Amino acid sequence: MRNLRLSSESGRIIIWLLVSACFGILVTGCTSAKLTRARDQFYAGKPAEAAGTLGAPEDYARRDRLLYFMEKGVILHEAGAYAESVQALLDAAEFIVQEEILSVSREGTSLVTSERITVYRGEYAERLFIHSYLMMNYLLLDQPDDAYVEARRALQVLAEYPDACSGDYFTRGLIAHCFEAVGEINGAYIEYRKLAGDMPDPAPVLPKVYQLARQLGFDDDAARYADMLPEAERQVLSSPAEAVMFISQGKGPVKEPRNIVLPPSIRFSFVQYRERGSRYFPPGVESTRGRLRASGVTTDVAAVLKTSLNVRAARIMVKETSRATAKEVISNQFEDPMAEALVRIAFFLMEEPDTRGWETLPGYLTLTRVPLDRGVHALTVTDAYGTAISLSPVGVSHKRKYFYFSVRLGDR
Amino acid sequence: MTKKCLPLYAFIFFSLAGISLLAGCRATTRDISPDETIHYDEDYDFSDKRAIVNDLVESLTTRPPLGANDRRPILIDYGIANRTTEHIGTDGIMDDIRTAVIHSGRARFVNKQQRDSIQQETQYQYGGSVSPQTRITMARQVGAEYMITGTLRSIEKKQPDQVRLKKRTLKYYSLTLELTSIESGLIEWTDNVEIVREASKPIIGW
């Protein structure tokens, strides 16, 4: 007959493990409750309330603070508080730099507990989206020099994680535009040309590549791109101003837990992105003078985030396997079957998949450019249901070349 | 005997370690001379600003056209474009350059930033509240002869990914300043200052 009594040492370890498991679950719940409520309010069309619900950064444990900064950045952006959104997103970018140093204690503890106790450092694509929103905010605040700084930072992220981020055409188009907005047309040309080379259909950026090639005196390139452009597109290039619109549609994906359970009690937990049923609808832009010729570069946020997670997949699997092995080795140390069973239960409960992610991101981001003639334009953007969203009127004169708008369509 | 004493030794060791750690965490403040060169990391800081301003103002005020005549030409600044990867307030650099040039006695500046305020004050003086004897004379503002502009650039290079404990970053800054004749459109003077810095950061911490 097996001895079911626990030794005092085993008992202490088990109690510690069970308390850790319960504490971990409780603490995670407290933080995510606030984030969940703020996200719900945001999607109910109440961004100002959502920003209030989020509270202060000190309300969040360091492991979840990046989520706070990122969610706050988007929520404030949608509320039209661009300067405040800038501050939240700059804090997010700074936080990521600080967290470049890998914590031995946290990583070590996570090997026998759960990934959720580590500091959330953002998916690679999320790191790029931080700079996308900063670029948008700075342009909307009429600070093109600062938008340029963010464009350069975004390029650094793209260079560091090319496989994870290169499908983010919206951000890449925005980077090129930021170069253009400060007069760095050579840099803009390079970025537009790279983008045209990578997009499945380069039609939306071809007019820009052609225009800049001509401006820079690259006649061979200009001739090549001219052949790819319809005559009508070439004529539009001489417009004195442009409306540049950042159009968001739908809801971004969320991470969903997945588990594989092997006997006796080995639990592999991992996450997958689940789309929230958002469908892309090419936004229409109209003015009082009729429908306008608009060209748009779109990012499928879900596709980019999925790719980004896949790029990390090998690392995640290695860590998950190490964690399962470590837990199995520890469990096998107990001679007492009761102790072993309790330890296994504790480890099983602690194995929580890390479903943390930036959930206020839209499903699609489109950079739409509309050439404008001199005069006053009252612009409207039409969504999938035919609802027209009116933008503030634009007066085109010689003083200003670009007019920026941020529009969120549908699926709130 | 030894086994029995072990917890006591451990207690003493960890207590001492804890006390010394807490002592090191004490908050402190100290004054630093603005002339002192201090860099916490590879990024642009106030020490760089001072070095850049000193070098460029020396060149601007000793070389033609400003260094070649004593009639104190009129300048206007059109700011320094920030083309780096950091949010640097380049207005501060231009403020320091303007201050140093004026102190050198080699040139004067039109106050472009206060144009609207000057206009507002002039309108006020001619609005009926100010006595005609004390109000300023209209249309006596001075036109600038030269425009001063600049560009701050940076290039950053990070060590590629490999197995190591520290990551090194190389950063290059360059500020180019230009003095352009508004009448002829010619660049009459230009110079630049470069700073190259390497910094290393640990990859693993406690």
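I began with burial in chain A, where 43% of the 412 residues count as buried, a residue being buried if 20 or more other C-beta atoms, placed from the backbone, lie within 10 Å of its own, exposed if 12 or fewer do, and partly exposed in between.

I noted that this is a predicted model, in which local features need pLDDT of at least 70 and side-chain atom pairs count only at pLDDT 80 or more, while totals for chains, interfaces and linings use all residues. Residues are numbered from 1 along each chain as its sequence is written, and chains are lettered from A and ligands numbered from 1 in the order in which they are written.

I then looked up the confidence: chain A has a mean pLDDT (the predictor's confidence in each residue, from 0 to 100) of 86, and 90% of its residues reach 70 or more.

The C-alpha atoms of chain A fill a box of roughly 90 × 45 × 35 Å along the principal axes. Of the contacts in chain A with a separation of 6 or more, 70% join residues 24 or more positions apart, a contact meaning C-beta atoms, placed from the backbone, within 7 Å.

Leaving out residues up to four places away in sequence, I find A:Met135 touching A:Ala147, A:Glu150, A:Ala151, A:Ala154, A:Leu174 and A:Cys178.

I also checked helix H14 (residues 301-311) of chain A, whose buried residues are A:Val301, A:Ala302, A:Val304, A:Leu305, A:Thr307, A:Ser308 and A:Leu309. Their cover includes H6, strand E4 (266-274) and helix H15 (313-332) of chain A.

Last, I examined the contact between the chains, which takes 13 residues from chain A and 12 residues from chain B. On the chain B side, strand E1 (74-83) and strand E6 (204-205) each supply at least two residues, and E1(B) gives the largest share, 3 residues.

How values were computed:
Contact = placed C-beta atoms within 7 Å. Helix = DSSP H or I, 4+ residues; strand = E, 2+ residues; numbered from the N terminus.
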